[in-house]
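I opened the model today and kept notes as I went. These are the entries, in the order I made them.

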Amino acid sequence: MKFFYPDSLDLVDPEFDFKSEEHSTHRVRHRDDVFAHELLEEAPYHGLLVSRSMVYGTGGNQRYRQSQRFRLLRTGARRFFETDQAPNAPLQIMGDCGAYAYVEQETPPVTVDEVLDFYESCRCDYVLSVDHVIPGFHTERQKSEGKSIREEWRRRQEITLSYARFFLKEHQARDHSSVPIGIAQGWDGDSYAQAVEALQKMGYDYVALGGLASLATEDIASTVERVSGVLRDATRVHLLGVSRAREFRRFQNWGVASFDSTMPLRQAFMDDKHNYHTPEKDYLAIRLPKVTGSNQLQKKVNEEKISASEAFEHEQKCLRALRRFDRDKASVEEVLDRVRKYELLFNGRDQTDKYRELLEDRPWKYCDCTVCRRLGIEVTLLRGKERNKRRGFHNMRVLFEKVAPALQGR
Ligand SMILES: [Zn+2]
């Protein structure tokens, strides 16, 4: 099974100094920053998913500056992301139109030609048809309660299929070397299966299931299983925005050849449980914001409930205790005591029971990825972009390693 990472220009400064917390003086933002596949000794994915909505800022996500967009379209994705420099190059590039960005609109605000032009400029290896997300799912429970589906869902499925038909025709007319993937949208197992059958009839032998990202695992699993019943021998399946690591083996048996997901990076700093992943379990990262980076602390300082220097002292004591702990010069209790005092100050919470587990297990000591080897305990701190993104890169690698054995049938 192949893991594609959806690009959103996730870069880090390779020269960032974690002691002084400063960037190198000569650093030019973006130019000197690196992607996960450049920082790690092995790319933590098989390829990148490049989304047109992301690159053009559709739906208000202005991640790309105009100059970056021009450079991507001029040089192609391989050059832009320097994927050929990755140790396990060449990484593959999958193109997508990014339908979630326009889910609120009546119809997709792009034409097949515009999307194919984008894919051509990016020089993609795999290209996904234009689709329109169905924002809902008809669960077994809703069915048993007699709830019917919305007409709007049917309309969106028809739009997606008619785009797919035209997309394949235009793709053939342009004589692309890329592999076309037809997207199926649906609201339950049966409707997805019908869409997949229609795509196969059109001539697709690679199909993608869209709109599953936020569903419960059992709804995704039953849908994929239902779809597997209509697959022709040669047809492969891609899961859009889905990574349920525990289900990989089942998914693979049901014909899933690839998936994409931002989950490993997002969870590194946007989750209240699963920030630092390991093959066995996930840990909560230690909350340790900079005094200047915490709104609550700044508010307390402004209201003169605490002095800035006192807050800073708490923060620094935490950091020193953690670093001493990493060198076996401080006890778990000592660290937890410091961390508790500081966290009570900036968010009034005591989460040390969860941090205790992390400190006692010391998972970063057992990870051989570049991030954990270089950062040590710093990788477990929820603190600033440079640490948080690197923890995300580590998480991607954990996911990648989980997928790789499934691929080899180990
Ligand atoms: Zn690691």
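**Entry 1: the metal site.** I began with how the zinc ligands are spaced. Along the chain, the donors of the zinc ion follow the pattern C-x1-C-x2-C-x21-H. I noted at once that I am reading a predicted model.

The protein donors are Cys367 (SG), Cys369 (SG), Cys372 (SG) and His394 (ND1). They lie 2.1 to 2.3 Å from the zinc ion.

Which parts of the chain does the pair Cys369 and His394 link? Cys369 sits in the loop between α15 (352–361) and α16 (370–375). His394 belongs to helix α17 (residues 384–408). The two are 25 residues apart, and I logged them as a link between distant parts of the chain.

Entry 2: What angles do the four donor atoms subtend around the zinc ion? I read 99 to 118°, so the arrangement is tetrahedral. For reference, the ideal angle for four tetrahedral donors is 109.5 degrees.

Cys369 has 1% relative accessibility, so I count Cys369 as buried. His394 has 2%, so His394 counts as buried too.

**Entry 3: the barrel.** Next I traced the strands. I found a closed barrel of eight strands, in the order β1-β2-β3-β4-β5-β6-β7-β8, with parallel pairing. From one strand to the next, the twist averages 25°.

I also looked at helix α8 (residues 189–202). Helix α8 lies across β5 (179–184) and β6 (206–209). Its direction is at about 150° to β5.

Entry 4: I followed the pairing strand by strand. β6 and β7 run parallel and are joined by four bridges. In that pairing, Val207 has Val237 in β7 as its bridge partner. Between β6 and β7 the chain passes through helix α9 (residues 217–228), and I recorded this β-α-β crossover as right-handed.

How many bridges pair β7 with β8? I counted three, in the parallel sense, between β7 (residues 236–239) and β8 (residues 256–260). Val237 stands opposite Val256 in β8. His238 has Ser258 in β8 as its bridge partner.

That puts Val237 in both of my pairing notes: Val237 partners Val207 and stands opposite Val256.

β7, helix α10 (residues 248–253) and β8 form a right-handed β-α-β unit.

Key. Residues numbered from 1 in each chain as written. Predicted model: local features only at pLDDT ≥ 70, side-chain atom pairs only at ≥ 80, totals over all residues. Heavy atoms only, no water. Pairing = 2+ DSSP bridges. Axes fitted to C-alpha atoms, helices over the stretch in contact; angles between N-to-C directions. Contact = heavy atoms within 4.5 Å. Donors = N, O, S within 2.8 Å, 3.2 Å for Na, K, Ca; no water. Tetrahedral: all angles 85-135°; square planar, octahedral: opposite > 155°, others 65-115°. Buried < 20%, exposed > 50% of the residue type's maximum accessible area, 1.4 Å probe, protein only. Right-handed = clockwise from strand over helix to strand, strands pointing away.
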